[in-house]
Amino acid sequence: MDVDAVVLDVDGVLVDVAGSYRRAIVESIETVYGRTIRKDDIQQFKDAGGFNNDWELTYAAALFVLAQGEGLGLSMDAYTDRIAEEGGGVDAAERVVRAELGGNATERVRRDWDRERLRDVFQQLYLGADLYRGIEDQEPDPDIAGEGFIHDEPVLASTATIDALTRRFDVGVVTGRPAAEAGIALDRVGLDLPAKHRFTMDDWEEGKPHPYALTTLAERFAADSVAFVGDTLDDVETAVNASEADPNRDYYGIGVLTGGLTGDSGREKYETAGASAVLDSIEDLPAFLDD
């Protein structure tokens, strides 16, 4: 694998978000509706595809909780499997619920399905009062916004690893985070990148696994081959899609086992999705690229 550029996801690659974004998903639904999903259920949505945006994952999980109140007979496994069959994402979740409940019950669910409120609570929990005030430009609810889960994100990439990558390769980032939140994470790991080498939620509409961000970075780097390192199947699919969209370059999707996909089962899922390699963590990346 002879690469000219390395592109990194943020969540699950550079920082651990089990106690931040994933906690915010669970607790946002609990705060708004008084009941919620298990944290372990989150990975099933990720594996279904189309949930690179954690706000949308929150909406789909809340939809499941509300639909259960109307008699939805699907288990979480069956629900997320059906979402995958429908193409992934929150729109697919809506189609699954409508197909199972029918029109009248679905409309009752939709009346209670307050996505704006879910997003606002999510941001207050995740950012905490001070950052919420600065980023969202609103006053937080003191009963919701505390110090912020964003401060509970252990760094997964050492300074030595960041130095090794930036010294040898052009390095970019493609993440589903909003720009401000991506900047906070990159500062925490010490990865200083110009704006033109970053793609965040604010920079392109489609999101992963659409290949636009990855192929655009390849063009900006004038790279013949690019390794894209992520922690979800959507990340691997992004590299696969980039290879199809831009056949004159080589794109390698590399999965790491520091996000929701772990162990032998995670490795197998990556390989089935078309990963070029699976690593225990980003710490193994410089040596792997040397080999």
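Which helices do the buried residues of α6 pack against? They pack against α3 and α5.

**Before you start**

This is a predicted model: local features need pLDDT of at least 70, side-chain atom pairs count only at pLDDT 80 or more, and totals for chains, interfaces and linings use all residues. Residues are numbered from 1 along each chain as its sequence is written, and side-chain values use heavy atoms, with hydrogens and water left out. Helices (H or I, at least four residues) and strands (E, at least two) are DSSP runs, numbered from the N terminus.

**Stop 1: the sheet**

Select the six strands. They form an open sheet in the order β3-β2-β1-β4-β5-β6, with parallel pairing. Two strands count as paired if DSSP finds at least two bridges between them. β3 and β6 (277-279) stand at the edges with a single partner strand each, so one side of each has no neighbour in the sheet.

Now pick β1 (residues 5-8). Parallel to β1 runs β2 (residues 170-174), paired over four bridges. Find Ala5: its bridge partner in β2 is Asp170. Turn to β4 (residues 225-230), which also pairs with β1 in the parallel sense over four bridges. Here Val7 stands opposite Phe228.

Move on to β5. Six bridges join β4 to β5, and the two run parallel. Val229 stands opposite Ile254 in β5.

Go back to β1 and show side chains. Both faces are covered: Ala5 and Val7 on one side, Val6 and Leu8 on the other, are all buried. Buried means under 20% relative accessible area, exposed over 50%, and partly exposed in between (1.4 Å probe, protein chains only).

**Stop 2: the cores**

A nonpolar core is a set of buried Ala, Val, Leu, Ile, Met, Phe, Trp, Tyr and Cys residues joined through side-chain atoms within 4.5 Å. The largest one has 74 residues. Select Leu14, Phe45, Tyr79, Leu191 and Leu285, which have the most contacts inside this core. Helix α3 (residues 54-69) gives the most to this core, with 11 residues. A second, separate core has 16 residues, including Ala5, Val174, Phe228 and Tyr251.

Zoom in on Leu191. Not counting residues up to four places away in sequence, Leu191 touches Leu8, Leu14, Ile162, Thr166, Val171, Val173 and Leu186. Contact here means heavy atoms within 4.5 Å.

**Stop 3: a buried arginine**

Select Arg249, in the loop between α11 (233-245) and β5 (250-256). Is Arg249 buried or exposed? Its relative accessible area is 18%, so Arg249 counts as buried. Its side chain makes a polar contact with the side chain of Asp246 (2.9 Å). A polar contact is a pair of N or O atoms within 3.5 Å; within protein, one must be able to donate a hydrogen and the other to accept it, and residues adjacent in sequence count only if both atoms are side-chain atoms. Leaving aside neighbours within four places in sequence, Arg249 is also in contact with Ala218, Glu219, Ala223 and Asp224.

**Stop 4**

Select Lys208 and Pro209. The peptide bond between them is cis, with omega near 15°. Pro209 sits in the loop between β3 (198-199) and α10 (212-221).

Next, Ala222, in the loop between α10 and β4. Its phi is near 55°, a positive value in a residue other than glycine. Ala222 is exposed, at 62% relative accessible area.

Then Asp137, in the loop between α7 (115-136) and α8 (159-168). Asp137 is not a glycine, yet has a positive phi of about 55°. Its relative accessible area is 69%, which makes Asp137 exposed.

**Stop 5**

Select α5 (residues 90-101). Its buried residues are Val90, Ala92, Ala93, Val96, Val97 and Leu101. They cover an arc of only 155° around the axis, which puts them on the same side of α5. The arc is that of the directions from the helix axis to the C-beta atoms. These buried residues pack against α3, α4 (76-85) and α6 (103-112). Just after α5, Gly102 takes a positive phi of about 90°.

Finish on α6. Ala105, Thr106 and Val109 are buried. Seen down the axis, the buried residues of α6 fall within an arc of 100°, so they line one face of the helix. The face turned away from them carries the exposed residues Asn104 and Arg111.
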